[in-house]
Structures are given as structure tokens and as C-alpha cells.
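Biologist: Thanks for sitting down with me. Could you walk me through this model and tell me how its terms are decided?

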Amino acid sequence: MTARDEKADPLSARVAERFAELSPAEQRVADYLTRHQQAILLSTAGDLGALSGTSDATVVRAVKALGYSGLPELKREVGKHVVGDTNPATRLRERIEQTGGDPAALLDQVLTESVERLTETRRLLATPEFTAAVDLLDGAEEVLGYGLGPSELPMRYLVTRLHRLGRRAWSTSATGFRLADDLVRLTAGDLVVLNAPDRVLHDIKTLVEHAREVGARVLLITNSVRPALAGRVDVTLTAVQSLSGLSHDGLGASLVVDCLLAGLARKDPEAVSQRTDLLAALRTALAPRDLRPRRPGRP
């Protein structure tokens, strides 16, 4: 394998380097993984064990022997290399077909992928970066949440929760000329929370550049565009995306948002308590107990 090939295919490079150190069963796993990298993205450890003629425990041992923290990290690295070979719709169809139409098997796959994504997201949430991100939120005069398509949903959630904490915030998914009307609101002291999983469009570049020009800070939540915006944002947090399309794109970002909000709430628990009491009082005023629908069996 040439140096160029090793750079393009990091898994094969690792296998070539460490193959002799693996047990015979782990070598079977490693050989299967290098020849079927697309299958890695769509399979659990149990699937890969069956496909390689070993077991899920052997797959996990082989993956760690190759230097990965676990299967989620392997999927993440392989995904960067092969994910462009098939579109998301094809990967989703292949994954559903792989379950053989068994609802229970499909349910297990969705839940397994979700757990893997959240586990990997947690592993990649470095404490210094997370602490710095919470400090950015705490010091912001106003927060703008920005995301496109499904990426906007975690930003809407962020804004709603910030309002409940007594913070000023708003969100947008505008593009083109419409985005210009939103950008003029940004001032020094504001914070842009940018949820950009895997693409940096021209609108996003313009948003980041304008924020820097006016003195606003930028917190990036992403799966893979950290290098593209390096040096242009203040803090970057990683939220792992779905490679198969089985679980919601915003799952990792929503977890990151919840962690940030929990960290922010700890900054001033008394204020949080007061806002929670106010929210409860307003809800009661808007839906008095005597007007609420009664549950069956209750007087």
C-alpha cells in the first residue's frame, strides 16, 4: 500500500501495521473489515461477528487492538472515507433490507445506533471545550441559534430552553437575502450557536465572517466541518451524525444542547428556580385545573 493509499484508507493502514499482533480470530475480523468497509457503517458488533465468522466480543477486541476506542470510533473514521460512495437513501434502504423486514431487528438497530452515536459524542466532548462553551452562553447578551433543515430543530429547542432560563435568544434558518435581515441584529456581546453537521455553505461562511466583524462570538456544533472553520469560531463541540440514516440527524446535537443547558443552569440555580416557578404559575393560569381534561377513573 502506498503512502497515498494509507492516507485515503486509514483502516487498511492500521490493519497492515498491526495485523501480526492480532490473534487468528481477530485477524479474521480485521480482514473482513478492510474488505467490507461499507458494511461497518450499517452493522452492530453482533452483525460483524456473524459476517466474519467470529463473535461480537471478538469484533470489539479486534477493533480496540487496532487502536480504536470502540466500534463507534471505527465507524466514524471509516465513514469519512467511504460515506461519499453511497447516498443516505441508499444506505438507509440497505440497512432496512439487512434486517430482513423484522420489526424487532429494525428496532434493535435504531436503538443500537442511537446509543453508539451518543456514546461517541460523549467521548468527543472534551471538558475544556465544553466548559468554554458554557461560559460563552453565560456571557452572551443574546444568543442566535442557526441551522439549516433538520439542523434547525435543536436550535429551536435551545432557544426555548434559554427563554425558560431567563436568557434572550432567537433562531433562524434563513438563507440568501433573508439571512441579511437577521444578521443586522447581531452586535458585540452576542453569541451565535451554529449547528452545521457536515457542510459549510456560503450562507454559513457569511454568517461566521459577519459575527467576527461585529464582535459576536461563535459556538460551532458539528460532526465533520471543524477543519473548514478552524480559526474562525471560538469553540467547537462535536455531535456525531447518523451514517445509516436510521436515527434522527439532530440526536447528537440535541444531547450537546441539553448538556450545555445543564451547565448553564448550574451557574445560577436560584434564578433557574424562580423562572421554573414562574413558568409553572403561568401554565396554571393558562390552563386552570378545573378546565383541564379529567383522566379516566379520576373524580
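Modeller: Let's start with what covers the buried residues of H11: this includes helix H10 (127-139), strand S1 (143-147), strand S2 (169-172), strand S3 (191-195), strand S4 (217-222) and helix H14 (251-265). Contact means heavy atoms within 4.5 Å. Bear in mind that this is a predicted model, where local features need pLDDT of at least 70, side-chain atom pairs count only at pLDDT 80 or more, and totals for chains, interfaces and linings use all residues. Residues are numbered from 1 along each chain as its sequence is written, and side-chain values use heavy atoms, with hydrogens and water left out.

Biologist: Which residues of H11 are buried?

Modeller: They are Glu 152, Pro 154, Met 155, Leu 158, Val 159 and Leu 162. Buried means under 20% relative accessible area, exposed over 50%, and partly exposed in between (1.4 Å probe, protein chains only).

Biologist: Why do the buried residues of H11 line one face of the helix?

Modeller: Seen down the axis of H11, they fall within an arc of 160 degrees, so they line one face. The arc is that of the directions from the helix axis to the C-beta atoms.

Biologist: And which residues of H13 are buried?

Modeller: Asp 203, Ile 204, Leu 207, Val 208 and Ala 211. Their arc around the axis is only 135 degrees, which puts them on the same side of H13. On the other side, His 202 and Glu 213 are exposed.

Biologist: What do the buried residues of H13 pack against?

Modeller: They pack against S1, helix H12 (176-183), S3 and S4.

How values were computed: Helices (H or I, at least four residues) and strands (E, at least two) are DSSP runs, numbered from the N terminus.
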